[in-house]
Amino acid sequence: YFTPRSVIKMCVQILNPKPNEKLIDPASGSGGFLFEAIRYSEQLYGHSPQCLGIDFGTRALKVSSLLATAIGNDRIQFSRANSIDGREFSHQEPPPEWNPFLGKIDTTSLNQKAKYHPWCAWHNLRCDVLLTNPPFAGDLSDPEIIEAYESQRLDSSRKKCVIGREHLFLDRAISLLKPGGRLAIVLPQGILANASAAYLRRWAMHNCRVLGVVGLHPYTFLPHTGVKTSVLFLMKEDQETRSPYPIFFALSQKPGKDSSGRSQPDGD
């Protein structure tokens, strides 16, 4: 699942990860976002943040782990796990590379969530910055997975027999943030526009401040896919403590590619 470096660089520069922060990509693939965050932070601040990449694809993890070894930076770790279905950690310890990212156990929170799933590791995994381009393909119909997500439980008017994978990834991304944490996530345009996703937008805006939305050109991900996408930038902040604020919107009109996916020199 290929993310153009222009998109990766934009996300990293806007979120500005710092050496004392912890970064997670829950759909890390070959690690593009995390490697760029390390490069950016080292150039700007002289030191890199602590990074964790999580992915379910064995091949992608082999590539990312090999690259991490090649750059010789022990501040970046990769782990194999399913970021949507956390039941594998219901009765076993999380991987050791997760330890720097695990917060204190919130007993009250866990008791509230236990009836859905004791996904203790996922409930306590936290980061300051999250950068990700999750996979959109395929829907989920397992009610045990769907009911584990707060955004899905709060909308009682919907029949959640089948849900798009990207809906759960947005919920997962927000839940991984510490208070004040910020994220950039690539999402299909429908999440921001379709009436069927209005409940998810309400839930996200209740839990986060919307920093901005950048609409990507349809050619951005060619020749791999022509799906219309946007990058959503959020900061975790409770709605009750928030005063009115501006939101940045932008549209990419020069993607740096032609209709066949070949590079062009005038990208924005």
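Reader: Why is E36 called buried?

Author: This is a predicted model. In it, E36 has a relative accessible area of 5%. Buried means under 20%, so E36 counts as buried.

Reader: What makes R39 partly exposed?

Author: Its relative accessible area is 27%. Partly exposed runs between the buried limit of 20% and the exposed limit of 50%. R39 therefore counts as partly exposed.

Reader: How do you know that R39 forms a salt bridge with E36?

Author: Their closest N and O atoms are 2.5 Å apart. The rule asks for a distance within 4 Å, so the pair qualifies. Both residues lie in helix α2, 3 residues apart, about one turn of the helix.

Reader: What makes D128 and K178 a salt bridge?

Author: The N to O distance is 3.6 Å. The cut-off is 4 Å, so this pair counts too. D128 sits in strand β4 and K178 in strand β7, 50 residues apart.

Reader: Are D128 and K178 buried or partly exposed, and why?

Author: D128 has 17% relative accessibility, so it is buried. K178 has a relative accessible area of 29%, so it is partly exposed.

Reader: Why is F78 called buried?

Author: F78 has 11% relative accessibility. The limit is under 20%, so F78 is buried. F78 is found in strand β3. Among the residues it touches are L34, F35 and L61.

Reader: Why is strand β8 called largely enclosed?

Author: Of its 8 residues, 7 are buried, so the rest of the structure largely encloses β8. Strand β9 pairs with β8 in the antiparallel sense, over 7 bridges. Strand β10 runs parallel to β8, joined by 4 bridges.

Key:
Residues numbered from 1 in each chain as written. Predicted model: local features only at pLDDT ≥ 70, side-chain atom pairs only at ≥ 80, totals over all residues. Heavy atoms only, no water. Buried < 20%, exposed > 50% of the residue type's maximum accessible area, 1.4 Å probe, protein only. Helix = DSSP H or I, 4+ residues; strand = E, 2+ residues; numbered from the N terminus. Pairing = 2+ DSSP bridges. Contact = heavy atoms within 4.5 Å. Salt bridge = Lys/Arg side-chain N within 4 Å of Asp/Glu carboxyl O. Lists of a residue's contacts leave out its neighbours within four places in sequence.
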